[in-house]
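Subject: Structure for you to look at

Hello,

Here is the structure I said I would pass on. Please open it first, then read the notes below.

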Amino acid sequence: PIKQNLVPSPLPSRLHSHLDCRYFEILGQLFNLFVNISVEDTANCGAIVTDVQSNFKRLTGVVVDLVGQQRRSGDCYWKRRSVLETVVNAVEIISLSATICLLCNDLAKPPQNKRSKKKMDASTKCVLNDLASVIKNELNTIDSCLENWTLPDEFDLSDRLALLNLSANGQNSVIENIVNSHTTAVKELRTLLKAKLKMLSG
């Protein structure tokens, strides 16, 4: 039977991961930026981008630290879920941020027609370029972190399988499934990050 202390009570909450990833801070600031650009009030836009950058640094710091701890952990297979959850949340925030950045760019562009050749305000363009640069930098940091996030090919799961009343003879196939699942998840996350980088660079 599974020992009672192996089942946390209450069950782990996804709320902690959401709070660690600073959803409200980053997306709230980007929404403020969008509103300011929509009403052509760019006085505070530079400060907003600076705050976004600070929160992104904290976000990527959390991801890099968690992945590093997980890689060094002696129990890396079983702690992977919570780490992957945080990474997925971080990638989601970056994806949403990239989309909002593009929306801000579209909003700031003056309407184009044959008669009008008006260009985007220089200060607004500078702010949006800074924002795109911030997102790209943090995106690349997380991508590099994911590139190095591998699981060991050999690991002893016999104790865990015994607790589940399963034969240790099948642990190789279990490990293979876990490694394949991890590899696929990381590959898909990196593909998504590269797509967002391409969007911002286009």
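Lys57 has a relative accessible area of 48%, so this residue counts as partly exposed. Please keep in mind that the model is predicted.

The side chain of Lys57 forms a salt bridge with that of Glu138, at 3.3 Å from N to O. Is Glu138 buried or exposed? Glu138 is buried, because its relative accessibility is 3% and the cut-off for buried is under 20%.

In total, the structure has 6 salt bridges. Another of them pairs Asp143 with Lys194, with 3.5 Å between the closest N and O atoms. Asp143 sits in helix H5 and Lys194 in helix H7 (residues 171-201), 51 residues apart. Asp143 is buried at 11% relative accessible area, while Lys194 is partly exposed at 44%.

Helices H7 and H5 are also tied together by Arg190 and Glu147, which are 43 residues apart in sequence. The closest N and O atoms of this salt bridge are 4.0 Å apart. Through shared partners, Asp143, Glu147, Arg190 and Lys194 form one network of salt bridges.

H5 (residues 122-147) also packs against helix H4 (residues 80-108), with an angle of about 160° and axes 10 Å apart. Angles over 145 degrees count as roughly antiparallel, so H4 and H5 are roughly antiparallel to each other. Their contact has 14 nonpolar, 3 polar and 1 charged residues. Among the residues that meet there are Ile94 and Cys101 in H4, and Leu131 and Glu138 in H5.

Regards

Technical notes. Residues are numbered from 1 along each chain as its sequence is written. This is a predicted model: local features need pLDDT of at least 70, side-chain atom pairs count only at pLDDT 80 or more; totals for chains, interfaces and linings use all residues. Side-chain values use heavy atoms; hydrogens and water are left out. Axes are lines fitted to C-alpha atoms, for helices over the stretch in contact, and angles run from 0 to 180 degrees between N-to-C directions. Helices (H or I, at least four residues) and strands (E, at least two) are DSSP runs, numbered from the N terminus. Angles under 35 degrees count as roughly parallel, over 145 as roughly antiparallel, 65 to 115 as roughly perpendicular and the rest as oblique. Contact means heavy atoms within 4.5 Å. Ala, Val, Leu, Ile, Met, Phe, Trp, Tyr, Cys and Pro count as nonpolar, Asp, Glu, Lys and Arg as charged, and the others, Gly among them, as polar. Buried means under 20% relative accessible area, exposed over 50%, partly exposed in between (1.4 Å probe, protein chains only).
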